[in-house]
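I opened a new notebook page for this structure. These are my entries, in the order I looked things up.

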Amino acid sequence: RDTELPRSPPAAAEPRHASPAAPRRLREKLRSRSSAPAAHTAPASRPQGPDGERPAEVGTGAPRESRAPFHFDYERFRQSLRHPVRGGRPDQDPDTRARKMKIKEMMKFAWDNYKQYALGKNELRPLTKNGHIGNMFGGLRGATVVDALDTLYIMELEEEFQEAKKWVEKSFDLNVNGEASLFEVNIRYVGGLLAAYYLTGEEVFKSKALELGEKLLPAFNTPTGIPRGVINLGRQDTGMSWSWGWASAGSSILAEFGTLHLEFLHLTELSGNPVFAEKVLNIRKVLKRVEKPQGLYPNFLSPVTGNWVQHHVSIGGLGDSFYEYLIKSWLMSDKKDSEAKKMYDDALEAIEKHLVKKSAGGLTYIAEWRGGILDHKMGHLACFSGGMIALGAEHAGEERRQHYMDLAAEITNTCHESYARSDTKLGPEAFRFDAGTEAMATRLSERYYILRPEVVESYVYMWRLTHDVKYRQWGWEVVKALEKHCRVEAGFSGIRDVYTTVPTHDNMQQSFFLAETLKYLYLLFCEDDVLSLDDWVFNTEAHPLPVNHSNFKAKASVQ
């Protein structure tokens, strides 16, 4: 649509990290019609790297001989866990338990309405009581089912979990033909299926995850091995893939190609096929080689040349989960992937030096960087960073540990302020620190809330690492606000303006609301041994993937 966009966000499934930060006109075009390919790549059987090397030859430590028939030892894996998946400690005080049960009721309500009105579609439209498909997943259906599986399981919603599992067994069709976001399919579908398998041992989840993972491989057929952002899931013969039409000059996006590592290592772990690990280890190799301006990673990289396309740096949309996956790659490797840890430490040092600022009112925030010029705004998506920094601080040297825990607490407090300063007590899509405004949206187009999880995600990590009760109090404020402003007759809906107490609903129950927002709220009121951080790392859609306590087949070492 080339007409002027409405001031409030269109009611459609929102990409989790990348696309919300895209120019809105182009985003709307992407949603409203099937985008033409922006930059085709010629099919290639084995892509050549910029120096003539073949990316797939990257060493992974995995044996090269045929592995068939490969068998993943699920029982051995379960025995390696240090805590029962759903915890084993006695219940906490009655108030905390009641709050946990309230969040479980919200999940059941969200699921029941999706099942009644939209089962098999990607999301529920709760006002019109029908389903939404969208074109972000290339013809795949049931995004809410796959995103909800592990949450239903953890909350012991057994009947509902069986309903979801049955849909995956009987109705989840991977033989589709359409343009899909590599990133979104990976974090929601591959991540959701992997987590469901590791939690339950049900083979159907593993087989679907591996089959879908295979369909994503043609995206990597580029001169550098850096994948393009969009792949046609039905064109396996040509491996055609292209980059988002709005991405700068046909480039790939840092948060998209940098948010594959956790899932792809697990695809290798479960299949015995080293190709998945090789693909993501090659991405790391390219990123290590390219020069970083001021030590920072810009958001756009050419998959053809392996060079940055422009110098826009963000810890919010377009950049965010790349940094998250560095520290989590190290944790998932049982702290053996020292390369990921060093990349994370160096990146965080540069971020703190160049992007972390303090407002006149004393609020710490992370600005965006455009070729050396700071934009003093922070997106809701960037609010995951408090939790990430706290997670990394646990493993910093003693003198740095407290420094990073303080920084994490300050950023999380700023994100809480963005909620506290709104009339609904829910946070806007972006908030600014300029012209006397602090932690509030100043533009009409940034006032919406689409059930996003990043702020409560940070509350969970801060709670587990400090046990400061304020984080549970802040989480309960979110529960009350969701109930008051987002709960409608047939589900939960985003709202178009957090600064009015009679908000307009956007008629969309995002799949990530069930995958992330409700899961994190539930975990906030659980004992620490429920999905213990000793055993699990969460992908960027909050799907838990296990720490490798035993032998780490795809050793993350890149020469």
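**Entry 1**

I began with Asp-345, which counts as partly exposed at 30% relative accessibility. My scale calls a residue buried under 20% relative accessible area, exposed over 50%, and partly exposed in between, with a 1.4 Å probe and protein chains only. I noted that this is a predicted model, where local features need pLDDT of at least 70, side-chain atom pairs count only at pLDDT 80 or more, and totals for chains, interfaces and linings use all residues. Residues are numbered from 1 along each chain as its sequence is written, and side-chain values use heavy atoms, with hydrogens and water left out.

I then asked which residue forms a salt bridge with Asp-345. The partner is Lys-341, and the closest N and O atoms are 3.0 Å apart. For a salt bridge I require a side-chain nitrogen of Lys or Arg within 4 Å of a carboxyl oxygen of Asp or Glu. Lys-341 is buried, at 12% relative accessible area. Both residues sit in helix α12 (residues 338–354), 4 residues apart, so about one helical turn separates them. I take helices (H or I, at least four residues) and strands (E, at least two) as DSSP runs, numbered from the N terminus.

**Entry 1: salt bridges across the sequence**

How many salt bridges does the structure hold? I found 33. Side chains of opposite charge can pair when their charged atoms come close.

I looked up Lys-115 next. Lys-115 forms a salt bridge with Glu-163, with 3.0 Å between the closest N and O atoms. Lys-115 lies in helix α3 (residues 94–118) and Glu-163 in helix α5 (residues 158–171), so the pair ties together parts that are 48 residues apart in sequence. Lys-115 is partly exposed at 32% relative accessibility. Glu-163 is partly exposed too, at 21%.

Arg-447 was my next stop. Arg-447 forms a salt bridge with Asp-497, the closest N and O atoms being 3.3 Å apart. Arg-447 lies in the loop between β16 (437–440) and α15, and Asp-497 in the loop between β18 (491–492) and α17 (511–524), so the pair ties together parts that are 50 residues apart in sequence. Is Asp-497 buried or exposed? Asp-497 is buried, with a relative accessible area of 19%. Arg-447 counts as partly exposed at 24%.

I also wrote down a network. Salt bridges that share partners join Glu-368, Arg-370, Asp-375, Arg-432 and Glu-446.

**Entry 2: Ser-418 and Ala-439**

I found Ser-418 in helix α14 (residues 398–420). Ser-418 is buried, with a relative accessible area of 1%. Which residues does Ser-418 touch, not counting those up to four places away in sequence? I listed Leu-426, Gly-427, Pro-428, Phe-431 and Ala-439. Contact here means heavy atoms within 4.5 Å.

I followed Ala-439 from that list. Ala-439 is in strand β16 and is buried at 0% relative accessibility. Its phi is positive, about 60°, although Ala-439 is not a glycine.

**Entry 3: two loops**

Lys-129 also has a positive phi, near 55°, and is a residue other than glycine. I placed Lys-129 in the loop between β1 (123–125) and β2 (130–132). Lys-129 is partly exposed, with a relative accessible area of 30%.

Asp-173 lies in the loop between α5 and β3 (179–181). Asp-173 is partly exposed at 42% relative accessibility. From Asp-173 to Leu-140 I noted 33 residues in sequence and 7.1 Å in space, C-alpha to C-alpha.
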